[in-house]
Amino acid sequence: MQHKIIFATNNPHKLKEIQSLLGNHFVLLSLSDIGFMGDIPENEATLEGNAIQKVHYIFDKFHFPCFADDTGLEVESLNGQPGVFSARYAGQLHDYGSEENRSAANINKLLANLMGKANRHARFRTVIAYLDGKNEFTFEGIVNGSIIDVKRGNEGFGYDPIFVPDGYNCTFAEMPLVEKNKISHRARAFSGFVKYMTKEE
Ligand code: IMP
């Protein structure tokens, strides 16, 4: 039997990745698959809060099992910033015209705020929230690392060019995606989620 679940995203890359992890017993429906074209509010103060807010928003409209994710880069010497503000640290998308330009501005702002700080420890953290009307769960995935001063690599996206995961000499942007996917925050959070979803299959 196939179970349908809504993944509250329109990111085709994420959909494909998670569909392959969940296997054929699950059919993922994106927001466009269910005809939802609006914006989902994300105005909580934590990653958990945002992920939970997103699943409740969609569940209340569609009454269908649903999950959502939220990710942030948490930098120790900046008291966990940019955290929940990672995507919009340097401003809104329309201020920059493209996701690439905005990511470059986010990185420049982060490096400026870290100037002169010796502690470069940071972590990526992903939280997934799941809601089916009876059960509500969250799953977390973390990868620890450090922030370097000068961007390196062209793979990945976001803060990848300045993040070196612990135990590696290269940044996430210097790693092939398959390598990043073995250790990333998102992969770890999704592995918990997939274990939960497939435990009775
Ligand atoms: P989202 O919740 O997945 O949309 O992530 C929010 C923001 O965190 C993104 O816009 C990126 O700036 C940053 N981010 C999330 N995941 C990654 C990653 O794997 N590498 C680098 N930056 C990331």
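Residues are classed as buried below a cut-off of under 20% relative accessible area, as exposed at over 50%, and as partly exposed in between (1.4 Å probe, protein chains only). The structure is a predicted model, in which local features need pLDDT of at least 70 and side-chain atom pairs count only at pLDDT 80 or more, whereas totals for chains, interfaces and linings use all residues. Residues are numbered from 1 along each chain as its sequence is written, and side-chain values use heavy atoms, with hydrogens and water left out.

Two non-glycine residues with positive phi lie in loops. N79 has a positive phi of about 55° although it is not a glycine. Its place is in the loop between β3 and β4, where helices (H or I, at least four residues) and strands (E, at least two) are DSSP runs numbered from the N terminus. N79 counts as exposed because its relative accessible area is 73%. H63, likewise not a glycine, has a positive phi of about 50°. This residue is located in the loop between α2 and β3, just after α2. With a relative accessibility of 57%, H63 is also classed as exposed. A further backbone feature occurs at the peptide bond from Q81 to P82, which is cis with omega near -5°. P82 belongs to strand β4 (residues 81-82).

Helix α2 spans residues 47-62 and contains 16 residues. The distance from its first C-alpha to its last is 23 Å, close to the 22 Å expected at 1.5 Å a residue; the expected span is 1.5 Å times one less than the number of residues. The buried residues of α2 are L47, G49, N50, A51, Q53, K54, V55, I58 and F59. In general, an α-helix has 3.6 residues a turn, so residues three or four places apart point the same way. The cover over the buried residues of α2 includes β1 (3-7), β3 (66-75) and β5 (121-131).

Leaving aside neighbours within four places in sequence, D70 is in contact (heavy atoms within 4.5 Å) with E42, L47, N50, A51, K54, V84, R125, T126 and V127.

A polar side-chain atom of D70 also lies 3.2 Å from an oxygen atom of the ligand. The protein covers 87% of the 480 Å² of accessible area that the ligand has on its own, as computed by the Shrake-Rupley method with a 1.4 Å probe; for residues, only the protein chains shown count as cover. In total, 13 residues surround the ligand, and the closest are T71, D160, K180, H185 and R186; a residue is assigned to these surroundings if one of its heavy atoms lies within 4 Å of the ligand. At least two residues of this shell are supplied by each of β3 and α6 (185-198). By class, the shell has four nonpolar, four polar and five charged residues. In this scheme Ala, Val, Leu, Ile, Met, Phe, Trp, Tyr, Cys and Pro count as nonpolar, Asp, Glu, Lys and Arg as charged, and the others, Gly among them, as polar.

The loop between β2 (26-29) and α2 contains M37. M37 is exposed, with a relative accessible area of 66%. The side chains of S30 and S32 form a polar contact of 3.2 Å. Beyond neighbours within four places in sequence, S30 is in contact with F7, T9, N10 and L15.

I183 is part of helix α5 (residues 177-183) and is buried, with 13% relative accessibility. Leaving aside neighbours within four places in sequence, its contacts are V143, P165, Y168, F172, M175 and R188. The C-alpha atoms of I183 and P82 are separated by 21 Å, at 101 residues apart along the chain.

Definitions and conventions. Polar contact = N/O pair within 3.5 Å; in protein donor to acceptor, adjacent residues only side chain to side chain.
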